Amino acid sequence: GGFARGARENATMAAQRKLQQEIDKVLKKIKEGVDVFDNLWEQMQASEYQNQREKFESELKKEIKKLQRFRDQVKTWQASSDVKDKKPLLEARKSVEREMERFKAAEREGKTKAFSKEGLIKAASLDPKSKARQEVRDWMNSTVDKLNSQIDELEAELEASGSSRKKKSSRVQEVEQYIARHKEHIQKLESLLRLLDNEQLEPDDFEDIRDFLDDYIERNQDDPEEFEDSAEYFYEEFADIMESAPQPTVLTAKKKDDKEDKKAKEKAEREKAEKEKAEKEKEERERVAAAKAALAAEKAAKTKAAMERSSAPADAGDKRAQPASYAATGRDQPSSDASKDQGPRSHSSGGTTAA
């Protein structure tokens with residue numbers, strides 16, 4: 001018993017060492033990737049020419065994709081009970097998500113570049129009211145991104161704490177409330193953005209709520225009781241118009257990412273199901289082929305046995321086989337003595353007949 005227990009402990013320790021080596025390897029790659037991203041970012045910002053910026057932006061996109069894959073692996077480890085020290089994982093994940101936010105901002109900026117001819121023409125053509133509307137729209141998108149970033153951090157904390165347990169701690173319950181409240185604010189902001197785009201609201205209508213939400217983002221976890229009903233009273237002045245408005249169709253960057261992740265997951269599941277189906281069909285074909293081969297072998301054995309029985313002597317009990325001529329007539333073979341006696345008589349008889 002002691003030997004077996006010791007062997008199990010050694011195996012567990014070996015598995016832990018291997019897991020830690022994998023974690024250290026990924027954390028190192030994340031650090032290197034963040035350094036590369038920062039370097040490319042600085043070069044892009046310093047570029048004066050459009051083609052150079054586009055080149056750096058393409059390189060940044062490749063790096064951010066790599067970092068996102070490492071982030072997915074980190075999230076898996078955060079949810080695993082095999083990993084004890086999860087602080088380095090959380091820090092690494094936050095570093096990736098900060099770069100993701102920077103890249104999203106760069107993409108939005110790249111759609112209408114201020115230094116480009118098109119951007120200058122567009123900026124010049126905007127009247128003050130349109131400029132104010134665009135500025136409010138940019139603030140709302142930025143606010144939604146900040147809320148989504150906080151949701152990601154809170155969800156990572158939940159995963160690290162093992163929130164699937166039946167009995168939840170007070171901290172876990174608090175975190176779940178923060179997440180739910182953030183999502184309510186995002187939903188309300190999307191409704192307001194739709195109303196702004198439809199010109200049912202004006203930029204001036206957002207002055208108070210901007211102050212509310214900027215303060216909420218800064219202090220929502222420091223003083224949770226103050227913001228407990230914020231998803232209601234922040235939007236009281238818009239209550240009537242929001243109730244009559246259709247559901248928003250605006251997708252935030254987070255929702256777009258989630259949608260793409262869902263599609264990729266569904267594709268992976270389909271491919272997995274098709275692969276399993278093909279393997280099952282292959283196994284079934286092999287099983288049928290083996291069964292046919294076994295049946296053919298059994299049939300051949302029976303045929304061979306039947307042929308051997310048909311070619312065996314008629315009377316297996318006789319010690320001496322009878323000549324074929326006697327066996328054909330059904331008469332017994334004469335004894336050796338009788339054959340000797342009959343020989344001369346046959347000869348003599350033949351002579352008499354001749355006489």
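This is a predicted model: local features need pLDDT of at least 70, side-chain atom pairs count only at pLDDT 80 or more; totals for chains, interfaces and linings use all residues.
Local features require a pLDDT of at least 70 and side-chain atom pairs a pLDDT of 80 or more, while totals for chains, interfaces and linings use all residues. Residues are numbered from 1 along each chain as its sequence is written, and side-chain values use heavy atoms, with hydrogens and water left out.

A pair of aromatic rings is described by the distance of the centres and the angle of the planes. Rings of Phe, Tyr and Trp (its six-membered ring) pair if their centres lie within 6.5 Å; planes under 30 degrees apart count as stacked, over 60 as edge-to-face and the rest as tilted. Seven aromatic pairs are found in the whole structure.

In one of these, the ring centres of Y216 and F227 are 5.4 Å apart and the planes stand at 80°, so the pair is edge-to-face. Y216 belongs to helix α7 (residues 207-219), whereas F227 lies in the loop between α7 and α8 (230-233), so the contact ties together parts that are eleven residues apart in sequence. Helices here are DSSP runs of H or I with at least four residues, numbered from the N terminus.

F234 lies in the loop between α8 and α9 (239-244), so its pairing with Y216 in helix α7 ties together parts that are 18 residues apart in sequence. Both Y216 and F234 are buried. One aromatic cluster is formed by F212, Y216, F227, Y233, F234 and Y235.

Terms used
Helices (H or I, at least four residues) and strands (E, at least two) are DSSP runs, numbered from the N terminus. Buried means under 20% relative accessible area, exposed over 50%, partly exposed in between (1.4 Å probe, protein chains only).
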